[in-house]
Every structure is written in structure tokens, then in C-alpha cells.
Amino acid sequence: MKEDRFEYSGHLVFSIFNLRLKNKDFSDGISIIFNELPEYEEGNPDNPGEGYLELEIREFAEKEEKLPHWMLDEIDNWINIQYKWESYEVQEAFIEGDQFEVKIPSTNSVDIFFHPSGYALFRGTQSAIHRATSRIEQAAAGEMMLDKVNLNIPKLIKNINSESDREHKLTFEGATNASFRALDAYTDQISLSGSDVLSDSIVGEAQNKGQIIQLNGIFNFDEYSVTSGVEQDKIYLKSSRDLRDLPSASRIVLSILFTFEVLEIQSDSSGGKNND
Amino acid sequence: MTRRIEKIASRIQSPRISGVTLVITILSAAVFLIFPTQYVLRSAFVILSVFSLFTILIARKFLPEIKMSSLQESQFFDIENYHNQVYPVYLGHAKIEAYAEIPNWMTEFEIEMELDGPFKISEWTPSHISSSDNTLICKNDIDDFKFTIQIIGEEDELGDTTCNLIFNNNKTGNEIHAIKLNSKSELPTIDEDKLTEEEKNEWGITSPDQQPG
């Protein structure tokens with residue numbers, strides 16, 4: 001039976017990967033996943049369930065009627081799945097005074113969003129994401145690789161500031177703080193306020209101290225204001241400001257599109273996705 | 001000048017030249033047996049074979065070889081694994097990052113990956129390096145490169161096994177790197193609730209104070 005509501009668990013933290021394929025295009029690559037991974041079905045201790053489920057977030061977001069049409073159209077370009085698997089933990093239990101071994105099931109999952117440009121966003125804990133990427137690569141039998149993206153945060157800041165041929169929907173309202181890894185590998189934080197963080201001199205100063213590894217701030221995305229943190233290989237959004245008022249599917253859609261916008265702006269002018 | 005000498009030495013090192021040397025040595029032995037009284041002929045062949053062997057030995061000893069290092073991209077790969085060069089393969093999959101340093105004298109190379117286990121190798125190389133049948137081929141004069149190796153196996157067929165992955169320089173015939181692949185049927189479990197804040201950061205687990213949505 002189909003669910004009539006979309007719910008998600010966990011945080012809105014997206015780990016970012018590049019989907020690399022050997023002599024195949026995007027749709028062939030996605031076909032590999034659908035053909036080689038089983039569709040998820042509930043299992044049992046002898047045969048734990050494992051596989052993918054298609055996430056129909058567009059349909060749910062449309063029903064929620066909170067997002068503009070362009071966002072719903074945009075999310076249509078994405079392939080959205082959930083990789084899910086069961087594990088059973090053996091525990092001892094006493095039933096009417098007798099000791100038995102029982103197998104307690106637990107279910108883990110990772111939400112995965114693929115964009116034709118080659119980006120793949122994974123939402124889940126790091127250990128679950130590790131399992132999901134390994135399983136997908138294993139199923140693809142060496143024809144596909146998921147490479148972690150290494151975001152260039154100074155470049156992102158520069159590109160948000162600069163005039164670009166590509167009209168982007170993201171502006172910076174203000175920063176809350178930024179972390180940088182100093183040249184001696186000691187990690188420190190600098191507190192920032194307002195739009196000061198975007199000035200070249202402050203970015204330059206931070207870069208002189210070391211490498212900027214995280215930027216937290218408030219962004220304006222289209223008509224929405226969101227609090228987000230950009231790290232080298234992940235982007236997270238807090239459920240505050242405009243995101244708090246949105247129902248689940250709309251929240252996910254907005255978060256995916258926001259994340260993609262950050263990636264696009266960051267790779268702008270480089271002629272492709274940054275992976276250095 | 002040094003580079004030219006290295007290039008000459010590198011040619012001497014090639015399997016073809018080594019083969020020629022072997023033939024000369026066998027011929028010398030034959031001449032020695034067939035013409036025991038032909039002193040000049042015998043001496044010439046002996047000197048030639050000794051010189052050839054000596055040149056190859058010197059060349060092999062003094063010319064630097066390709067240097068390779070590797071590291072597994074996994075949260076379960078630790079310093080002990082690195083020290084022993086044993087790479088765990090969980091659930092039929094492992095991803096290994098490798099780095100090769102090419103000596104100056106080598107203007108082209110072929111690195112063959114030889115695997116004695118039930119795995120499939122898939123290599124992901126930079127565009128200027130081609131790969132075919134588990135062999136990396138480069139005809140450009142490069143100093144170094146990074147590449148990724150995927151190790152893939154059918155989980156049901158693997159069980160707990162260990163096998164070797166050896167990297168050979170096809171031009172010199174030398175083994176340049178070797179690792180062991182250790183297939184595991186169970187993935188280690190991590191109880192994220194029991195991790196310290198530091199460990200959570202290391203594992204990339206978002207701490208609650210970040211309060212993402």
C-alpha cells in the first residue's frame with residue numbers, strides 16, 4: 001500500500017559525490033542501478049531485506065502545494081531513490097522464565113538523489129553512506145564510481161559575489177561563522193557577522209591563516225531564506241527560518257535544489273564540476 | 001647527459017635486450033663446448049657474455065624503478081592494515097587509491113596488475129593513461145599519477161579469503177608493489193550512540209548541536 005504522506009528521518013545533511021561512468025551516459029548508469037540492485041522487500045533473519053525504493057518526492061511535494069512550479073519541474077530531472085537494508089542483532093530474552101536467543105531487526109537507509117550533470121547527493125550517516133556507495137559500485141561491477149566532491153569554499157564565495165553569465169538564484173544574507181584549517185593542521189574557528197564574510201579582504205585573511213573548510217551562514221535562495229553550512233564534501237541545512245514552515249517533501253525538494261545551486265555556483269567558470 | 005645514460009641503461013634493462021644477453025650467454029657456453037681449441041673465439045664470446053650480464057646487472061642495480069604506494073578509501077582501513085599492506089574487502093567491494101612515481105629515465109611504461117583471487121579489478125586512471133586487461137599504459141613522459149582501483153567480487157562466492165594483487169613493470173619485468181586483499185563476509189558495526197564527540201567528527205557523524213533539519 002502506498003503511503004499518503006512523505007516523512008523523512010535524520011538530518012538534512014547531503015554528502016556530495018560525482019558519478020563517474022565507463023563509456024556510458026547518465027541514463028545507462030542509472031539503469032545499472034535499477035537492473036543490478038534488487039528492489040527492496042522486507043526480509044527475515046535468514047534472508048535480510050536489501051535493495052532500493054523509488055522516492056516519489058515530486059508527487060508528494062506537489063500535493064503539499066507549498067513550492068513554486070519551477071522547483072517541482074526542476075526536481076523532475078532528478079532520479080531519487082532510497083537504498084535500504086535490514087540487519088538482525090542477536091539478543092538474549094527471557095520468556096516465561098526460559099532463556100531464548102531472539103533476533104532483533106533494524107532497518108537502515110540512505111536517500112540518494114542523482115542529477116544528470118553527474119552529481120549524486122547522499123543523505124544518511126557516514127557509515128550508512130559508505131555501505132550504500134560500496135554496494136552500488138559493487139552492483140555496477142566496476143562500470144561506475146562514486147567520487148567524493150571536494151568543494152572549493154573560497155571559490156564559492158567569490159562566485160556568489162561576482163557577476164556571472166549564469167543567472168543564479170542564490171545570494172548571501174550573512175555569515176554566522178567560518179572554520180578554517182590552519183597551515184599547521186590545527187582547526188580553528190573565526191566568528192563572522194553580517195555580509196562581511198564575503199569581502200575579499202576577509203576571505204584573503206582567512207586563507208592566509210589556512211584553508212577554509214566550512215562556512216555557515218544565511219542564504220537567500222529564490223524567495224526562501226535558509227540557514228546552511230557548506231563543508232568540503234557536504235552541505236547541511238538547518239530546519240529553521242523558511243524551511244521550518246515547510247512540510248517534509250517540500251523541505252527535501254528545496255534542500256536538494258539549494259544544494260545543487262551551491263554546487264553549480266561553485267563550479268561556475270571552471271567549465272565543469274570541481275574535483276580538485 | 002645523465003638522462004641519456006639512463007635512457008641507454010633503460011634500454012639495456014628491457015626484456016628484449018635481456019633475452020639477447022641470455023642467447024649470447026648460451027651461445028658462449030656452446031662455443032666453449034663445441035670449439036674447445038678455438039681460444040680467440042672462445043674468449044671473445046666469454047668476454048661478450050660477461051660484459052652483457054654485467055651491464056644488465058649494473059643497469060638493474062642503479063636505475064630507479066617505478067615507486068608505488070596505496071591506501072584504502074575506507075573507514076575500516078587502519079595503520080595495521082597499512083603496515084601489513086592487507087586491504088579488507090567487505091561485502092565484495094573495496095576501493096584503493098594508488099600513487100605511482102615514474103623515474104625520469106622512463107618515458108613510457110606499462111604497469112600490469114596481477115591478481116590471483118576471485119575478484120574483478122576496475123581501474124580509474126587520468127585521461128593520459130589508458131588501461132586494458134588490467135594493464136596501465138602510458139606513452140607520455142610523466143612524473144607521477146594517481147589512480148583508483150575498485151575491487152569487485154560476488155559476495156556469496158567470496159567468503160573469508162585472502163589473495164594477492166601484484167603490480168609489475170612490464171618493461172623491466174620487476175615487481176613494483178604488492179598488496180593482499182582480505183575478503184570479509186561481515187561488515188564491522190559501529191554503535192554511533194557510543195562514540196565520543198571527537199570520534200563522531202572523525203566519522204563525519206553530525207553532532208546534535210549543529211541542529212540541521
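These exercises, with worked solutions, concern a predicted model.

**Exercise 1. Confidence in chain A**

Find which element of chain A has the lowest mean pLDDT and which has the highest.

*Solution.* 
- Start with the whole chain. Chain A averages a pLDDT of 84, and 82% of the residues score at least 70.
- Go to the elements. Strand β8 (residues 187-191) of chain A has the lowest mean pLDDT, 60. The highest, 96, belongs to strand β5 (residues 119-123) of chain A.
- Check the stretch at residues 270-276 of chain A. Here the pLDDT is below 50. Beyond near neighbours in sequence, this stretch still has 13 contacts in the model.

**Exercise 2. The domain contact in chain A**

Determine which elements of domain 1 of chain A give two or more residues to the side that touches domain 2 of chain A.

*Solution.* 
- Domain 1 of chain A covers 12-148, and domain 2 covers 153-267.
- Count each side. Domain 1 of chain A brings 20 residues to the contact; domain 2 of chain A brings 19 residues.
- List the elements on the domain 1 side. They are β1 (12-21), α2 (57-64), α3 (69-75) and β5 of chain A.
- Pick out the main contributor. β1(A) gives the most to this side, with five residues.
- Sort the domain 1 side by class. There are 14 nonpolar, two polar and four charged residues.

**Exercise 3. Make-up of the two chains**

State how many helices and strands chain A has, and how many chain B has. Then give the buried share of chain A and of chain B.

*Solution.* 
- Take chain A. Its elements are eight helices and 11 strands. Of its 276 residues, 36% count as buried.
- Take chain B. Its elements are six helices and 10 strands. Of its 213 residues, 19% count as buried.
- In chain A, 64% of the contacts with a separation of 6 or more link residues 24 or more positions apart. In chain B, 69% of contacts between residues at least 6 apart join residues at least 24 apart.

**Exercise 4. The setting of Ala98(B)**

Decide whether Ala98(B) is buried or exposed. Then name its contacts, leaving aside neighbours within four places in sequence.

*Solution.* 
- Locate the residue. Ala98(B) sits in strand β3 (residues 93-101) of chain B.
- Apply the cut-off. A residue is buried if 20 or more other C-beta atoms lie within 10 Å of its own. Ala98(B) counts as buried because it has 21 C-beta neighbours inside 10 Å.
- Name the partners. Ala98(B) is in contact with Met68(B), Ser70(B), Phe147(B) and Ile149(B).
- Ala29(B) is 69 residues from Ala98(B) in sequence and 45 Å from Ala98(B) in space, C-alpha to C-alpha.

Technical notes
Residues numbered from 1 in each chain as written. Chains lettered and ligands numbered in written order. Predicted model: local features only at pLDDT ≥ 70, side-chain atom pairs only at ≥ 80, totals over all residues. Helix = DSSP H or I, 4+ residues; strand = E, 2+ residues; numbered from the N terminus. Buried ≥ 20, exposed ≤ 12 C-beta atoms within 10 Å, placed from the backbone. Contact = placed C-beta atoms within 7 Å. pLDDT = per-residue confidence, 0-100. Domains from an automatic or database assignment. Nonpolar A, V, L, I, M, F, W, Y, C, P; charged D, E, K, R; others polar.
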